[in-house]
Amino acid sequence: MAPSHKNRPRGFSRKAQYGLFATYVLTIAGAIFAGLLLIISVIDPTGFSALRIIGTEITAPIARLFDSLRRSANDLGGNTSAYLDAASKNRALEKQVKKNRIRLIEATAIKLENKRLRGLLKLKHEETGHIAIGRLISSSAASSRRLATLSIGANFGIRSGQPVRGPDGLIGRVIETGPTTARVLLITDANSPVPVMRAKDGTPASGEGLSNGLVIIRPVNLGLNPFKIGDIIVTSGNGGLFRPNIPYAIVLRKTADGAIARPLATPATSPYAMVLPIYEEYALATQAQPADQPIANEPIP
Amino acid sequence: MKVSIAPRRRASAGYRSRLNREQSRLSMLAIPIISVLLGSMVTTLPIITTQAILPPLGLMIFLSWRLLRPGFWPMWSGLPLGLFDDIFSGSPFGSAALIWSLMMIALELIDSRAVWRDYLQDWLVAAIIIALSIVGGWFFLGLSGAKPHLETLAPQIILSIFCYPLIVRLVSRLDSWRLAT
């Protein structure tokens, strides 16, 4: 294509060449400025949160407006890969049967586990209810950082650090709050560790996102890998941020030192997102850390 | 015998406003800028994905304009548009501004060497730049904590590269609209 280039002069005009040189200098200075901003935001991740919050707040009405379209948009976008995978109907049906069976097992396991643990611990922390119920209205769909925007914010008493769950299981935790929106770091983010355990026997482990929609489960007791395909992983309550027994993930396959699991909650289809209080108040002390930093909540074996 | 030419004049009068007119300066400038800004803001739509799969539309629209109309954007324009993209992308603030600035410098250097390029060569240039900027964004993300495995970027990169022809067609439509108004 013909370059109709008005910014790049040809020939020997001294003035034009100086002009080009000045543009280069300006652009490189701009790049250095951007690099400095990047360094600042790496050192202090909350530094530019005000800007991001303003951006989210301004665009939230659009997201809310289109929220009714979300299901269909999600069917088109999020599940395309699933449709491509399950080209034959047969496979899709098989998948559904499997999912139903797992859900059923999960429900029984959680029920039993709840009963047993409550008995064992003489549960001093009762299910304390929730702070507010909102919806996830958008996500950072083009970035490897897995964030979602919640439709409610400080106006409903939401603060940084609070866990968020859907009807199926844990979704993530709040890392930034604006007046009417909040940003949620999803459990599938690589920077989002969650202390977990196997629902069946309480084998302690640590879960971490892989940023591809799956999570990796690493047992705390290294050397043995007790996980089996289909194991249900729930939060253990260690670290004091997430309350115990929130469904977390289901094991898909074993790896050398742990297991790859699929989160039980699907933020895309979840009809609501429930913001829970921080499980133990001492966790608040760690909230003084920058929001993007992982909270020290490795489970104690 | 006199032939009246009045009716003919009246017929042409309807076109007079559209012939030999001045193009609107505002839309010449505003359409490309607004299209890039809207591309950056696509992540605020209620599209919820568990992994990064959506092509970086702000970057791709910007890149398409740049390849379609070399010389339209001043070289420094990567900085302000990148900063705007950073507000919505979720990546550390400043990463898109840096990547877009570097992209403009790289394209300027490519333009000064490979002057005459066909569509496929433009696509190749775009593919390399898109892949490098997604990997670059991933790298800057890793500076502030754990980063995901590199291979999780593959679906997004492939999808973005194959979306380029679509975006460039969209942009060329916008371009003809821009020049027609």
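**Cores, helices and the contact**

Modeller: The largest nonpolar core has 56 residues, and A:Val184, A:Ile217, A:Ile233 and A:Tyr248 touch the most other members. Keep in mind that this is a predicted model.

Biologist: What is A:Val184 in contact with, leaving aside its neighbours within four places in sequence?
Modeller: Its partners include A:Leu147, A:Ala148, A:Leu150 and A:Val164. A:Ile171, A:Gly172, A:Arg173 and A:Val174 are also on the list. There is a second, separate core too, with 44 residues, among them A:Leu38, B:Phe88, B:Trp100 and B:Val171.

Biologist: Switching to helices. At what angle do α2 and α4 of chain B pack?
Modeller: About 25°, with the axes 9 Å apart. Angles under 35 degrees count as roughly parallel, so α2(B) is roughly parallel to α4(B). Their crossing is right-handed.

Biologist: Which residues meet there?
Modeller: From α2(B), B:Val36, B:Leu37 and B:Ser40. From α4(B), B:Leu81, B:Phe84, B:Asp85 and B:Phe88. By class, that contact has five nonpolar residues, one polar and one charged.

Biologist: Now the two chains. How many residues does each give to the contact?
Modeller: Chain B gives 54 and chain A gives 60. On the chain B side, α4, α5 and α6 each give two or more residues.

Biologist: Which element gives the largest share of that side?
Modeller: α5(B), with nine residues.

Biologist: And what classes of residue does chain B put there?
Modeller: The side that touches chain A has 32 nonpolar, 19 polar and three charged residues.

How values were computed: Residues numbered from 1 in each chain as written. Chains lettered and ligands numbered in written order. Predicted model: local features only at pLDDT ≥ 70, side-chain atom pairs only at ≥ 80, totals over all residues. Core = buried A, V, L, I, M, F, W, Y, C linked by C-beta atoms within 7 Å. Buried ≥ 20, exposed ≤ 12 C-beta atoms within 10 Å, placed from the backbone. Contact = placed C-beta atoms within 7 Å. Axes fitted to C-alpha atoms, helices over the stretch in contact; angles between N-to-C directions. Helix = DSSP H or I, 4+ residues; strand = E, 2+ residues; numbered from the N terminus. Parallel < 35°, antiparallel > 145°, perpendicular 65-115°, else oblique. Left-handed = near helix turned anticlockwise from the far one by under 90°. Nonpolar A, V, L, I, M, F, W, Y, C, P; charged D, E, K, R; others polar.
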